[in-house]
Amino acid sequence: MGTKQKPTGIKRIYLAAGHSLRAFKWLIANEAAFKQEFWLSVLLVVGCLFFPFSLFEYVILWCALLFVLLAEIFNTAIEAVVDRIGAEIHPLSGLAKDLGSLAVMVSVIIATLIWAGVFIQHLSL
């Protein structure tokens, strides 16, 4: 690490938020899967507001969607690192990308089960 001191306190938080916003904008502009999952999440959040769920159920439903987005962010980060290392085909590079993709699929299954469980519970009441 260089001799320059890293920012601390509020300035560090402000700079970190700027980096996060830059990454979010990049994902929306460049990553089709993230863009689809993001806009589907927005529609589901708005749509679920028309149902009489408890605060806890809303939080669980929204966290399930955020979990999918988080998995997609990690998957994209893995892909970026693998692509940065080199363009040559290597079994471990393919495995890393496949594992990232699997993480997204598992997160979608988890979110689907949570959403289905909440809706089924309300249908049977």
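1. What radius of gyration does the chain have, and what would a compact globule of 125 residues have? The chain has 19 Å, whereas a compact globule of 125 residues would have a value near 14 Å. The radius is taken over C-alpha atoms, and the globule rule is 2.2 Å times the number of residues to the power 0.38. Along the principal axes, the C-alpha atoms of the chain fill a box of roughly 60 × 45 × 25 Å.

2. The model is predicted: local features need pLDDT of at least 70, side-chain atom pairs count only at pLDDT 80 or more, and totals for chains, interfaces and linings use all residues. Residues are numbered from 1 along each chain as its sequence is written, and side-chain values use heavy atoms, with hydrogens and water left out.

3. The secondary structure comes to 4 helices and 0 strands, in the order α-α-α-α from the N terminus. Helices (H or I, at least four residues) and strands (E, at least two) are DSSP runs, numbered from the N terminus. Of the contacts (heavy atoms within 4.5 Å) between residues at least 6 apart in sequence, 64% join residues at least 24 apart. Buried residues make up 22% of the 125 residues; buried means under 20% relative accessible area, exposed over 50% and partly exposed in between, with a 1.4 Å probe and protein chains only.

4. Helix 3 covers residues 55–85. Its 31 residues should span 45 Å at 1.5 Å a residue, and its end C-alpha atoms are 45 Å apart, which agrees; the expected span is 1.5 Å times one less than the number of residues. The buried residues of helix 3 include Tyr 58, Leu 61, Leu 65, Val 68, Leu 69 and Glu 72. The buried residues of this helix pack against helix 1 (9–30), helix 2 and helix 4 (91–123).

5. An unreviewed UniProt entry annotates Arg 12, Ala 33, Phe 34, Lys 35, Gln 36, Glu 37, Glu 72 and Ser 101 as "binding site". These positions are spread over 90 residues of sequence and also in space, up to 31.9 Å between C-alpha atoms. From this set, Glu 37 is in the lining of the largest pocket. UniProt positions are in the numbering used here, feature names are shortened, and annotations may be inferred rather than shown by experiment. A pocket is defined on a 1 Å grid over the protein atoms alone, as an open set of points where a 1.4 Å probe fits, with protein on both sides within 12 Å along at least five of seven lines; lining residues have an atom within 4 Å of a point.

6. Two of the annotated positions may be set side by side. Gln 36, in helix 2 (residues 32–48), is exposed because its relative accessibility is 59%. Glu 72, in helix 3, is buried because its relative accessible area is 4%. Beyond its neighbours within four places in sequence, Glu 72 contacts Glu 31, Ala 33, Phe 34, Glu 37 and Val 104.

7. The unreviewed UniProt entry lists residues 37–53, 59–78 and 99–120 under "transmembrane region". Residues 37–53 are 71% helix and 0% strand, with end C-alpha atoms 22 Å apart. Residues 59–78 are 100% helix and 0% strand, with end C-alpha atoms 28 Å apart.

8. The count of disulfides (pairs of cysteine sulfur atoms within 2.5 Å) comes to 0. Cys 48 is in no disulfide, and the nearest cysteine sulfur, that of Cys 63, is 12 Å away, too far for a bond. Cys 48 is buried at 1% relative accessibility, and Cys 63 is partly exposed at 42%.
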